[in-house]
Amino acid sequence: MFDVTMGSYDGAETCELIGAYMLSLITNRFKDRLGLYRDDGIAVCKDKPRQNEKTKQEVARVFKSNGLKITIDANKKIVNFLDVTFDLTNGSYKPYTKPNNKLLYVHKQSNHPPTTLKNIPKNVNQRLSSISSSENIFNESITPYQKALDESGYNHELKHEPQQRQQTHKKNRKRNITWYNPPWNSNMKTNLGRKFLNVVDKCFTKTHPLYKIFNRHTLKLSYSCMPNMKTIIVSHNKKIISESNKTTTQQPEKNCNCRKKPDCPLEGNCLQTNIIYQASVTSDTTTETYVGLASSFKERYRNHQASFRHSHKCNETELSKHIWKLKDANKPYHVKWKILKKCKPYDNIRKKCQLCLFEKFIIIYKRELCSLNKRNELANSCPHRKKHVLKNFIN
Ligand SMILES: [Zn+2]
Ligand SMILES: [Zn+2]
């Protein structure tokens with residue numbers, strides 16, 4: 001379908017974007033009685049079965065012409081959609097779980113922030129109430145949910161609470177809230193929340209010039225979670241494996257392969273990998289800086305040099321654009337290269353790319369280090385992730 005890996009960061013967004021577009025193509029056939037959640041859609045038609053079959057084929061054709069596949073079940077009176085069963089014969093709806101789906105909630109004694117734990121039974125109760133059309137239906141279908149809640153140690157009896165229309169509360173002034181998210185650990189005895197607010201009160205008194213920006217209403221605390229058992233075990237294993245790898249493949253490392261050592265761009269360290277580098281271009285009037293990342297610096301350096309030499313490559317990077325501007329004006333210039341940081345590239349366990357993150361950090365916060373970089377580089381997605389996509393492992 002489209003080139004987005006399942007479970008990737010932008011997967012849901014891409015799905016929603018394409019979904020919205022497809023909806024716009026077919027929506028007038030259903031008089032707006034049509035809904036879509038990610039890749040699951042539902043529509044209501046009052047036409048005759050034969051007409052519905054025709055509509056079905058038409059929709060399938062629209063999808064096909066856009067290179068997409070769709071499976072449609074038409075002419076159903078009772079349908080399971082997400083976690084709800086809709087019944088058109090009597091207009092009722094009730095909770096639905098897939099037959100082999102085991103309900104499992106976070107255990108009450110689990111090391112989670114108290115507000116999270118407190119709200120789990122409440123949320124389950126609310127969700128079940130809102131997807132049951134009557135109290136009877138609610139009571140009929142809660143047994144597995146009640147059992148799962150009991151097994152997770154909650155002392156909560158599920159009760160039908162009819163949905164109340166939320167009153168449109170008066171408009172609140174929008175505040176810029178700065179969140180502090182310390183990790184929660186129930187072994188800690190200190191009341192961190194109170195300490196934090198005390199610090200806020202103490203440091204920003206009402207007469208403080210910054211009181212308007214930093215006060216109890218704009219600084220808030222919300223706990224985050226500690227890594228779970230899986231993450232701890234994975235990182236432990238990774239550490240042991242990488243150490244044993246190190247001892248087996250110990251070779252004297254070469255740092256530079258330049259033919260003339262004095263010409264090495266990084267003073268004898270040009271064979272570095274996974275680094276953030278900085279190039280400063282000095283001409284007689286200006287000094288401009290450029291920050292980039294490189295999996296292999298030498299390779300990147302060669303590409304940069306080529307883009308300085310060949311005029312058809314002059315638009316390759318912001319750096320080469322600048323160099324060509326100087327060249328066209330016949331100004332002499334000098335480029336100096338420097339390593340800013342060595343970072344870990346993307347790995348499929350942590351799911352983070354320190355390399356890309358650090359480059360973006362510099363572009364946002366250290367403008368003085370990268371005067372040539374454009375902010376639109378921030379939108380680039382991590383190119384190092386592609387290496388780990390399953391499709392690259394299949395020949
Ligand atoms: Zn070198
Ligand atoms: Zn990356």
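Which residue takes a positive phi in the hairpin of E3 and E4? I looked, keeping in mind that this is a predicted model. It's Leu-82, with phi near 55°, in a hairpin that has two residues between the strands.

Entry on Leu-82. I noted that most residues other than glycine have a negative phi. Leu-82 is not a glycine, yet its phi is positive. I placed it in the loop between strand E3 (78-81) and strand E4 (84-87). Buried or exposed, I wondered, is Leu-82? It counts as exposed because it has 12 C-beta neighbours inside 10 Å, and 12 or fewer is the cut-off for that.

Entry on the strands. E3 and E4 pair antiparallel over four bridges. I found Ile-78 bridged to Asp-87 in E4. Then I followed E4 onward: four bridges also join E4 to strand E5 (residues 92-95), again antiparallel. Phe-86 stands opposite Tyr-93 in E5. This hairpin of E4 and E5 has four residues between the strands, and Gly-91 in the turn has a positive phi of about 70°.

Entry on Glu-267. Here's another non-glycine with a positive phi, about 50°. I tracked Glu-267 to the loop between helix H7 (229-248) and strand E8 (273-283). Glu-267 is partly exposed, since 13 other C-beta atoms lie within 10 Å.

Entry on helix H2. I checked the length of H2 (residues 49-65): at 1.5 Å a residue, its 17 residues should span 24 Å. The end C-alpha atoms are 24 Å apart, so that agrees. After H2 comes Gly-67, with a positive phi near 75°.

Technical notes:
Residues numbered from 1 in each chain as written. Chains lettered and ligands numbered in written order. Predicted model: local features only at pLDDT ≥ 70, side-chain atom pairs only at ≥ 80, totals over all residues. Expected span 1.5 Å × (residues − 1). Buried ≥ 20, exposed ≤ 12 C-beta atoms within 10 Å, placed from the backbone. Pairing = 2+ DSSP bridges.
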